Amino acid sequence: MKCRICREKAIIGLPQHNLALCADHFDNWMLKRAAKAIDEFKMFTKDSKILVAVSGGKDSLALWDILTRLGYNAHGLYINLGIKENDYSDESEELSRTFANRIGKKLQVVNVKELHGMSIPDKAYSKKRKTCSVCGVTKRYYMNKTAREGNFDVIATGHNLDDQAAALLGNFLYWKFDYLAKGAPYSPPLRKGEFAKAKPLILCTEKENTVYCLLQRIDYIQKECPYSKGATFLRWKHILNEIEENSPGAKQAFYLGYVKHIDIFKVQNEDMPDSRCKICDTPSWNEVCSFCALWDLNKK
Ligand code: SF4
Ligand code: ZN
Ligand code: ZN
């Protein structure tokens with residue numbers, strides 16, 4: 001297999017693009033893929049202040065690296081969830097800090113246990129709720145808070161094409177309209193106090209992000225979060241991989257086709273009230289937002 005550009009030995013085949021590339025040209029191609037998504041979906045500009053949600057995993061570290069190399073003003077936020085199993089949180093925080101030092105960028109760290117006296121899994125247990133749901137509410141709150149306090153313009157996350165397409169398949173199968181309205185590569189803020197969310201690596205696959213990290217010698221956490229994606233999500237991924245194997249490009253066509261028609265689903269979410277949480281003043285459907293209710297801030 002030879003690189004289509006320079007005819008040197010290729011290190012990766014990209015059948016969905018009818019392409020094989022050597023290390024140098026693949027590196028260049030990744031930067032172009034991210035730049036294409038940023039431009040095509042009008043995510044942000046070189047003047048924007050970008051907050052990258054960093055988990056220590058390959059996707060978010062590849063994203064931060066690529067944005068920095070493209071010349072964007074991107075800072076990192078790491079949220080330590082207090083997950084003790086496999087040393088998951090501490091190890092991923094360490095890798096995120098090491099990477100931030102390497103690229104000379106600022107990493108803000110929020111430690112949930114230090115702030116609230118309880119880790120995410122312990123909180124979930126005490127409230128009899130799913131860990132990922134407690135995690136989602138908490139991460140969303142701190143991302144918005146950090147963005148607000150630091151005058152950021154947009155929050156960027158490392159979502160890749162495989163995860164997004166698998167989530168989409170699951171949401172379509174069960175017609176989850178709320179989620180179907182939220183899968184865009186770029187979502188502008190709907191109300192004051194909210195932030196735009198961008199997924200600049202949405203055109204890149206998990207494999208591409210992994211190879212990018214290997215080539216750039218980015219040390220990322222290889223373990224999965226112990227609470228990560230159940231068997232069902234992995235099944236959707238597996239099914240899509242099988243389809244992709246026989247029809248290269250199907251995954252991207254599936255996702256981009258959905259993006260083209262996403263407005264169909266947005267109608268369901270239009271009539272949002274302009275109410276705010278009486279405790280933290282962030283936009284909320286209820287008097288007390290889900291974060292303040294979860295962490296019992298209304299009782300203090
Ligand atoms: Fe949080 Fe669940 Fe993701 Fe782990 S898998 S980081 S608990 S949302
Ligand atoms: Zn080449
Ligand atoms: Zn609140």
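User: Cys289: buried or exposed?
Analyst: Cys289 counts as buried, because its relative accessibility is 6%. Buried here means under 20% relative accessible area, exposed means over 50%, and partly exposed is in between (1.4 Å probe, protein chains only). Some ground rules: this is a predicted model, where local features need pLDDT of at least 70 and side-chain atom pairs count only at pLDDT 80 or more, while totals for chains, interfaces and linings use all residues. Residues are numbered from 1 along each chain as its sequence is written, chains are lettered from A and ligands numbered from 1 in the order in which they are written, and side-chain values use heavy atoms, with hydrogens and water left out.

User: And Cys277, buried or exposed?
Analyst: Cys277 counts as buried too, because its relative accessibility is 2%.

User: OK, what coordinates the zinc ion (ligand 3)?
Analyst: The SG atoms of Cys277, Cys280, Cys289 and Cys292 do, at 2.3 Å. A donor is an N, O or S atom within 2.8 Å of the metal (3.2 Å for Na, K and Ca), and sites may look incomplete since water is not among the atoms. Cys277 and Cys289 are 12 residues apart, and both sit in the loop between helix H12 (263-266) and helix H13 (290-294). Helices (H or I, at least four residues) and strands (E, at least two) are DSSP runs, numbered from the N terminus.

User: Why is the arrangement around the zinc ion (ligand 3) called tetrahedral?
Analyst: Because its four donor atoms subtend angles of 106 to 112°. The rule is that four donors count as tetrahedral if all angles lie between 85 and 135 degrees. For reference, the ideal tetrahedral angle at a metal is 109.5 degrees.

User: What spacing do those donors follow along the chain?
Analyst: The pattern for the zinc ion (ligand 3) is C-x2-C-x8-C-x2-C.

User: Now the zinc ion (ligand 2). Which are its protein donors?
Analyst: Cys3 (SG), Cys6 (SG), Cys22 (SG) and His25 (ND1), at 2.1 to 2.3 Å from the ion. Their spacing along the chain is C-x2-C-x15-C-x2-H. The site of the zinc ion (ligand 2) is tetrahedral, with angles of 98 to 116° among the four donor atoms.

User: What's the relative accessible area of Cys22, and of His25?
Analyst: Cys22 has 9%, so this residue is buried. His25 has 24%, so this one is partly exposed.

User: Switching topic. How is the chain divided into domains?
Analyst: Into domain 1 (40-267) and domain 2 (270-300), with bounds from an automatic or database domain assignment. The centres of the two, taken over C-alpha atoms, are separated by 23 Å. Domain 1 puts 21 residues into the contact and domain 2 puts in 16 residues, where contact means heavy atoms within 4.5 Å.

User: How much area is buried between domain 1 and domain 2?
Analyst: About 1600 Å², of which carbon and sulfur atoms give 64%. Buried area is the accessible area (1.4 Å probe) that two parts lose on being put together, summed over both.

User: How many residues are in the largest nonpolar core?
Analyst: There are 56 residues, and Phe44, Ile50, Trp64 and Leu67 have the most contacts inside it. Helix H1 (residues 23-40) gives the most to this core, with seven residues. Apart from it lies another core of 32 residues, including Leu77, Ile83, Phe195 and Ile221. A nonpolar core is a set of buried Ala, Val, Leu, Ile, Met, Phe, Trp, Tyr and Cys residues joined through side-chain atoms within 4.5 Å.

User: What does Phe44 touch?
Analyst: Leaving out residues up to four places away in sequence, Phe44 touches Ile38, Ile50, Leu67, Tyr72, Val154, Ala198 and Pro200.

User: And where does Leu81 sit?
Analyst: Leu81 is in the loop between strand S4 (73-80) and helix H3 (88-103). Leu81 counts as buried, because its relative accessibility is 8%. Beyond neighbours within four places in sequence, its contacts include Val112, Ile120 and Cys135.

User: Last one: which helix holds Arg148?
Analyst: Helix H6 (residues 131-149). Arg148 counts as partly exposed, because its relative accessibility is 32%. Not counting residues up to four places away in sequence, Arg148 touches Gly193, Phe195 and Thr282.

How values were computed:
Four donors count as tetrahedral if all angles lie between 85 and 135 degrees; four count as square planar and six as octahedral if opposite donors are over 155 degrees apart and all others between 65 and 115; anything else is irregular.
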